Amino acid sequence: MSNTPKTKVLVSDLAKSFKMHLQGGLEIPVVSSVNFSVSVGECVVLGGPSGSGKSSILKMIYANYRCQKGQILITDGDEIVNVADATPRRIIRLRETTIGYVSQFLRAIPRVPALTLVAEPLMAQGVAEDEAFERAGKLLSRLNVPERLWQLPPATFSGGEQQRVNIARGFIAHYPILLLDEPTASLDAANRAVVVELVEEKKQQGVAMVGILHDHDVRDAIADRIIDVTSFASAA
Amino acid sequence: MSLPIQSTEDLPLLQVSNTTKLYGGRIGCKDVSFDLYPGEVLAIVGESGSGKTTLLNCLATRLTPTSGSVNYRNRMGQMRNLYEMSEAERRMLMRTDWGFVHQHPADGLRMTVSAGANVGERLMAVGARHYGNIRDTATDWLGRVEIAEDRIDDDPRAFSGGMRQRLQIARNLVTGPRLVFMDEPTGGLDVSVQARLLDLLRGLVADLGLSVIIVTHDLAVARLLSHRILVMRHGHVIESGLTDQVLDDPQESYTQLLVSSILQP
């Protein structure tokens, strides 16, 4: 039997503030004393109003933001990595194999077709090009992105189409940890249902997820636990 | 005694320590240290006069640093101080292991010989002698940088700025270098031409597993191409880290100013 630890993400005593040098060194506290953990196959949703620091927490786990204090421990195979002080090289490796991030907005790359954008994370994990493109096509079909768009760069797509390309890119590869930053923000009901299915499949595969979801139906359908981020509000 | 077998993937390709270049009393760059690993793309950003190009030239042995050391791991796995090598060894390195892409293609190309010869010349420098093979490889590389086959006998004076830059890239990559230096490779190009070049570079760097040190003042270029970033000001590295982290959560006052000065189209 596998003796992989059940806890995939452990956040402890995490704190974040922004220092705005261009505004005379103004210090903006975001969150402090953030403590929670996520287990194999669990989807934890961060709750709280806009501006309460949900996205900042997610971005710190992905090492997109730095933190001022605390630890973010990630289980990577048989190693435990503290994202808060890992080297850039280690973070890049974690992002290839271990932590995925489904962002709210697609960062389109000039001239790169939608299908390639979606297939890229698979190829980065060593999947052959043919298979990567085939799986990318299947996932785009599932998300109702018409085939005539696949070979076009998504810069000119509608908001909903871009987001579905982005979701496909985020969900296509297997990462033991997946971060969801409002993946359903501008989707219609049919596509929201597809995302709920995709999340369900990830859970079955044991993926640990942390998400931000404003849509109540989706949240109720996928959340195993809701953490109220306002309890981490910095005492300013 | 035999050495333990270790993959060189996990060892730095280039180790820079306390590299300093003074121009008389003025600072070109001061106390710059970093490691570069195989397959890594490092961007050096900052405004004009911040010391980016001085640093790049010190690393690429185009300028002799005033103090500090730059060590490079050769194909035999040995770490060598670039400034303790003989001139001949350094030249050999420039021809075989390294590439240097200049901002102005005219500085990196021979403008009066054909496109094919510009690429073929680098091959001959590393020992290729068979005309047919050289021409085939040159044609293949021109294709990879999207230059039509029927332009192989034209000289670069007849090329547009974007084509010249792509030719310069082909000339540098044809010998299969391990480390490529680039100085503002997209500077002075139209945005559409720049997009094409960036897309091309992005693909080549990933396919060939190249290590790259790229100097740019354009943060969007740095974001698209690089894994890591060094921010320079007045000759000093004032902030460094993962590219998206430095650009999305800049810590230093000057980096915040740079990031907030980007125009949104």
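Biologist: Hi! Which residues does I177(A) touch, not counting those up to four places away in sequence?
Modeller: I177(A) touches K8(A), V9(A), I74(A), T75(A), T98(A), I99(A), G100(A), V207(A) and A208(A) once residues up to four places away in sequence are left out. A contact here means heavy atoms within 4.5 Å.

Biologist: Before we go on, what sort of model is this, and how are residues numbered?
Modeller: This is a predicted model, where local features need pLDDT of at least 70 and side-chain atom pairs count only at pLDDT 80 or more, while totals for chains, interfaces and linings use all residues. Residues are numbered from 1 along each chain as its sequence is written, chains are lettered from A and ligands numbered from 1 in the order in which they are written, and side-chain values use heavy atoms, with hydrogens and water left out.

Biologist: Thanks! Back to I177(A): where is its place in chain A?
Modeller: I177(A) lies in strand 7 of chain A, which covers residues 177-181. Strands (E, at least two residues) and helices (H or I, at least four) are DSSP runs, numbered from the N terminus.

Biologist: And is I177(A) buried or exposed?
Modeller: I177(A) counts as buried because its relative accessibility is 0%. Buried means under 20% relative accessible area, exposed means over 50%, and partly exposed is in between (1.4 Å probe, protein chains only). Its C-alpha atom is 10.0 Å from that of C43(A), although 134 residues separate the two along the chain.

Biologist: Let's switch to helices. At what angle do helix 3 and helix 4 of chain A pack?
Modeller: Helix 3 (residues 114-124) and helix 4 (residues 129-142) of chain A pack at about 125°, and their axes are 8 Å apart. So helix 3 of chain A is oblique to helix 4 of chain A. Angles under 35 degrees count as roughly parallel, over 145 as roughly antiparallel, 65 to 115 as roughly perpendicular, and the rest as oblique. The axes are lines fitted to C-alpha atoms, for helices over the stretch in contact, and angles run from 0 to 180 degrees between N-to-C directions.

Biologist: What residues does that contact have, by class?
Modeller: The contact of helix 3 of chain A with helix 4 of chain A has nine nonpolar, two polar and two charged residues. Ala, Val, Leu, Ile, Met, Phe, Trp, Tyr, Cys and Pro count as nonpolar, Asp, Glu, Lys and Arg as charged, and the others, Gly among them, as polar. On the helix 3 side of chain A the residues include L115(A) and M123(A), and on the helix 4 side of chain A they include F133(A) and G137(A).

Biologist: How does helix 3 of chain A pack with helix 5 of chain A?
Modeller: Helix 3 of chain A and helix 5 (residues 159-171) of chain A pack at about 25°, with their axes 7 Å apart. That makes helix 3 of chain A roughly parallel to helix 5 of chain A. In this contact, A114(A), L117(A), V118(A), E120(A) and P121(A) of helix 3 meet V165(A), A168(A) and R169(A) of helix 5. By class, the contact of these two helices of chain A has six nonpolar, no polar and two charged residues.

Biologist: And what about helix 5 and helix 6 of chain A?
Modeller: Their axes come within 12 Å and cross at roughly 5°, helix 6 of chain A being residues 189-204. Helix 5 and helix 6 of chain A are therefore roughly parallel to each other. R164(A), I167(A) and F171(A) in helix 5 of chain A meet residues of helix 6 of chain A, including N191(A) and K202(A).

Biologist: While we're there, what does Q162(A) touch, skipping residues up to four places away in sequence?
Modeller: Q162(A), which sits in helix 5 of chain A, touches L106(A), P154(A), A155(A) and F157(A). Q162(A) counts as buried because its relative accessibility is 18%.

Biologist: New topic: which residues of helix 2 of chain A are buried?
Modeller: In helix 2 (residues 88-97) of chain A, R90(A), I91(A), I92(A), L94(A) and R95(A) are buried. Their cover includes strand 4 (69-76), strand 5 (79-82) and strand 6 (99-102) of chain A, together with strand 10 (236-242) and helix 9 (243-248) of chain B.

Biologist: Last one, chain B. What is the phi of N18(B)?
Modeller: N18(B) has a positive phi of about 50° although it is not a glycine. Most residues other than glycine have a negative phi. N18(B) lies in strand 1 (residues 14-23) of chain B, and its relative accessible area of 42% makes it partly exposed. E146(B) also has a positive phi, near 60°, and is a residue other than glycine; E146(B) is in the loop between helix 5 (131-144) and helix 6 (161-173) of chain B.
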